[in-house]
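Trainee: Could you take a close look at one helix with me and then show me how the parts around it fit together? I'm still learning to read structures, so please go step by step.

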Amino acid sequence: MQLGLHITNFTFPGGPATLADGLTRVAVAAEEAGFGRMSVMDHLFQISHFGPVESEMLEAYTTLGYLAARTEKVELLAWVTAVTYREPGLLAKAVSTLDVLSKGRAWLGIGAAWNGEEAEGLGLNFPGTAERFERLEETLQICRQMWSDNDGPYEGKHYHLGRTLNSPQPLSTPRILIGGGGERKTLRLVAKYAQACNLFASPELEHKLQVLRGHCETEGTDYDAIEKTVMAPLDIGDKGENIPALLEQMRGFAALDVSEVHVSVPKVWETERLELIGRELIPAMAEL
């Protein structure tokens with residue numbers, strides 16, 4: 001089992017003028033500590049779980065491009081892309097570009113979007129739930145087509161592309177992670193299109209995985225081939241005092257065949273926390 005780092009807070013000490021250097025320190029420390037993936041939220045306003053809406057928030061794909069230049073090994077993705085914020089052809093191109101410039105480390109993390117407040121605030125497309133899921137499925141189809149040998153047109157209900165040319169192609173076809181635990185739509189799309197799912201660390205986790213298994217049977221997909229990831233907070237304490245309890249939690253995830261836990265770390269700019277995680281938690285998780 002591996003650990004991934006989800007950067008959710010850009011209100012670093014020192015303010016925006018020091019943010020670039022702060023992000024570099026975090027990225028380098030996380031990679032050296034052994035985190036396997038690094039992600040940022042695809043939000044434009046901060047979400048209430050992490051701070052006031054007016055707090056600093058960086059655009060996801062610009063930030064990922066910056067992180068690609070500051071790292072060498074860690075895999076990179078938006079966790080997760082809001083499907084209606086970018087036209088799918090442009091999204092596929094952005095992920096392809098990230099993959100080429102990171103030398104093959106890009107994933108597509110994507111979901112149906114939920115934050116109507118920021119979409120309305122910045123004038124972004126945000127149709128109703130049913131339409132967003134329709135657009136999500138078409139976007140998945142378009143991305144897969146653009147990452148194939150087929151550069152022909154695409155005709156869908158919502159999107160119409162005259163030629164799905166994508167040059168240069170990504171160095172390695174980006175793996176697709178779909179975020180969310182919706183049992184009727186989201187997990188069906190995972191089974192049909194994705195290589196990974198992302199679920200929250202909740203009492204429903206085992207049930208959600210069983211629902212996914214059922215969709216895989218319906219779609220003719222190998223359930224075991226889909227990577228199971230879990231999103232969770234990770235507070236090790238000021239001196240690592242919470243690590244034993246966290247490791248026990250990780251054992252519970254491993255028993256459900258979860259292969260990655262993707263975590264947000266409080267005060268992530270204090271890179272000593274990442275170093276401690278690298279010494280005490282990541283090696284133990286690798287043996288689960």
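Mentor: Let's begin with the side of helix H7 that faces away from its buried side: the exposed residues found there are Glu-217 and Thr-218. Keep in mind as we go that this is a predicted model.

Now turn to the other side of this helix. The buried residues of H7 are Leu-205, Lys-208, Leu-209, Val-211, Leu-212, His-215 and Cys-216. Because they cover an arc of only 155° around the axis, they lie on the same side of H7. The spacing of such a list has a simple background: an α-helix has 3.6 residues a turn, so residues three or four places apart point the same way.

What lies over that buried side? The cover on the buried residues of H7 includes helix H6, strand S9, strand S10 (227–233) and helix H8 (243–255). As for its length, H7 has 15 residues and reaches 21 Å from its first C-alpha to its last, which is close to the 21 Å expected at 1.5 Å a residue. After H7 comes Gly-220, with a positive phi near 70°.

Helix H6 (residues 186–193) is mostly covered, with six of its eight residues buried. Those buried residues are Thr-186, Leu-187, Leu-189, Val-190, Ala-191 and Tyr-193. The cover on them includes H7, helix H5, strand S8 (175–179) and strand S9 (196–200).

At 1.5 Å a residue, the 14 residues of H3 (residues 88–101) should span 20 Å, and its end C-alpha atoms are 20 Å apart, which agrees. Its buried residues are Pro-88, Leu-91, Ala-92, Val-95, Ser-96, Leu-98 and Asp-99. They sit on the same side of H3, because they cover an arc of only 160° around the axis. On the face turned away from that buried side, H3 carries the exposed residues Leu-90 and Leu-101. The elements covering the buried residues of H3 include helix H2 (60–70), strand S3 (75–78), strand S4 (81–82), strand S5 (107–111) and helix H5 (129–146). Just after H3, Lys-103 has a positive phi of about 65°.

Leaving aside neighbours within four places in sequence, Gly-89 is in contact with Ile-142, Met-146 and Leu-161. The C-alpha atoms of Gly-89 and Leu-161 are 7.7 Å apart in space, although the two residues are 72 apart in sequence.

Next, step back to the nonpolar cores. The largest has 83 residues, and Leu-3, Phe-35, Leu-234 and Val-261 are those with the most contacts inside it. Helix H1 (residues 19–33) gives this core its largest share, seven residues. There is also a second, separate core of six residues, which includes Trp-79, Leu-177, Ala-196 and Met-231. To see what surrounds Leu-234, leave out residues up to four places away in sequence: among those Leu-234 touches are Leu-3, Leu-246, Met-250 and Ile-277.

A search of the whole structure finds one aromatic pair. Phe-12 and Trp-269 form this tilted pair, with 5.3 Å from centre to centre and 55° between the planes. The pair links distant parts of the chain, 257 residues apart: Phe-12 is in the loop between strand S1 (2–7) and H1, while Trp-269 is in the loop between strand S11 (260–264) and helix H9 (271–280). Phe-12 counts as buried because its relative accessibility is 5%, whereas Trp-269, at 25%, counts as partly exposed.

Finally, visit H9 itself, where Thr-271 lies. The cut-off for buried is under 20% relative accessible area, so Thr-271 counts as buried at 15%. Not counting residues up to four places away in sequence, Thr-271 touches Arg-25, Val-26 and Ala-29. Thr-271 and Ala-245 are 26 residues apart along the chain, and their C-alpha atoms are separated by 21 Å.

Note on methods. Residues numbered from 1 in each chain as written. Predicted model: local features only at pLDDT ≥ 70, side-chain atom pairs only at ≥ 80, totals over all residues. Heavy atoms only, no water. Core = buried A, V, L, I, M, F, W, Y, C linked by side-chain atoms within 4.5 Å. Buried < 20%, exposed > 50% of the residue type's maximum accessible area, 1.4 Å probe, protein only. Helix = DSSP H or I, 4+ residues; strand = E, 2+ residues; numbered from the N terminus. Contact = heavy atoms within 4.5 Å. Expected span 1.5 Å × (residues − 1). Arc of directions from axis to C-beta. Phe/Tyr/Trp six-rings, centres within 6.5 Å; stacked < 30°, edge-to-face > 60°.
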